[in-house]
Amino acid sequence: MAHDFAYMEGYELQPKKKCGLKSAVKNLIKRTIPNECIFNNWKITLCQMSSSTTSWNNSNNIMKENVAINVEENIKKARRSAYGLFGGGFHGHNGLDPETLVHLFKTYISPVLLYGMEILLPKTAMLLQLEKFQKRFLKQLLSLQISTPDPAVYILSGILPVEAQIDKRALGLFNNICNQDESSTEKQLARRQISVKSLVSNRWFIQLKKILTKYNMDEINTYLDIPTKKEKWITLINRIIQKHWSDSITRMVPYYKGLQHLNYTEFHQGKLHSLLKIKCQSARDIGRIPPKLKMLTGTYILQSHRIKMYENETDPICLICHQGDETLEHVILECDGLSDTRNSIMDEVSAILKDSRNVDFHKQTSKVKMQILLEITMLRENLKLDTKLMAEIEYCSRRLLFLLHTTRYSFLSRGWKKDKKNVKV
Ligand SMILES: [Zn+2]
């Protein structure tokens, strides 16, 4: 279906899919059938690792070249898949909600991007390239600014960094080898490399040893001697890797002032952020999400941010009411110029909370009000909110923040036009 669609839209989708993994070793093996290619490449990788005729440096260079070629090719293909899927732009012809977008990314783009990487195990520069592609792409899907802090991207999408995903795949492959017969080539090679090579070596099984150490797992020989069943292994790996990465990512959140309202406690489950799981009521509702996410991640540009960027020319004072510095709190809760837009929806939120939980919204502190409007899921426990109530409040808050954004913007653009006229005179 994707192929037909790509054809109709006039571009070629995955023209070189049959190549499998590319190899810097020319003419060694004919590459025709994808499965065979992967297997052959695996063999090439292993051959290079164990070859006594090739010097260590030489095989090392070939490996590096292999990784570079394949990373470049994967990024190219992943980009092509994205264009193939999202014919009407990243957000579809009528708008796709974030949950669908992230699901499409996980199903169609991520596997292409990481194809064969568990065999090549890219490091530093190459890994960064893949990571950069993934982060940039997720930001585009969620309509986030390019300056959005990294933890926010992972927490909102529920997707782990590329390194974690490659580790997961490599450990999966390792378990398949563990479950093979003692007489199999791969298992014999594993035993040999582990006993002969030192930790500085670049051999696959030595790299795997390092991965196991990174996640505080048992010695590599333990798994080779007593293989774990596939299902049990997958559950174990998912749990360990998710915990390791979510701990290190969420640890960074308090250092970003702009992320103070973001609820990151649920990232440990490795799923899409619960705020984005709240269903949109219409295509129009989907369009209201981007300004809200910018405010939530601290990347919405206000006068107080502009002064940090252009200190000599910009005043932090709000250009609408001229009564205080234009901070996020000022725009959402205080600005007099926006009160007509704000009051009716604030009353709606207040009525919902009053009727269901007997909580007076207007009597809450600014901090709590901001939390309710920006990230209601953080208060789920405190206010004992169920999914339906959260959806109602979220619907109001999306509308409110979007209206504040458009009203502010139309006011400012009127001001800019006036300024331009004055300059002409
Ligand atoms: Zn103001």
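The chain has 21 helices and zero strands. Both are DSSP runs, numbered from the N terminus: helices are H or I with at least four residues, strands are E with at least two. This is a predicted model, in which local features need pLDDT of at least 70, side-chain atom pairs count only at pLDDT 80 or more, and totals for chains, interfaces and linings use all residues. Residues are numbered from 1 along each chain as its sequence is written.

Of the 425 residues, 31% count as buried. A residue is buried if 20 or more other C-beta atoms lie within 10 Å of its own, exposed if 12 or fewer, and partly exposed in between, with C-beta atoms placed from the backbone. Among contacts with a separation of 6 or more, 67% join residues 24 or more positions apart. A contact means that two C-beta atoms, placed from the backbone, lie within 7 Å.

| Helix | Residues | Packing partners of its buried residues |
|---|---|---|
| α8 | 162-178 | α5 (117-120), α6 (124-141), α10 (204-214) and α12 (230-250) |

G158 follows α7 and has a positive phi, near 75°.

Helix α8 has 17 residues and reaches 24 Å from its first C-alpha to its last. That is close to the 24 Å expected at 1.5 Å a residue, where the expected span is 1.5 Å times one less than the number of residues. Its buried residues include I166, L171 and F174.

N66 sits in helix α3 (residues 56-85). N66 is buried because 23 other C-beta atoms lie within 10 Å. N66 and P122 are 56 residues apart in sequence, yet 9.6 Å apart in space, C-alpha to C-alpha.
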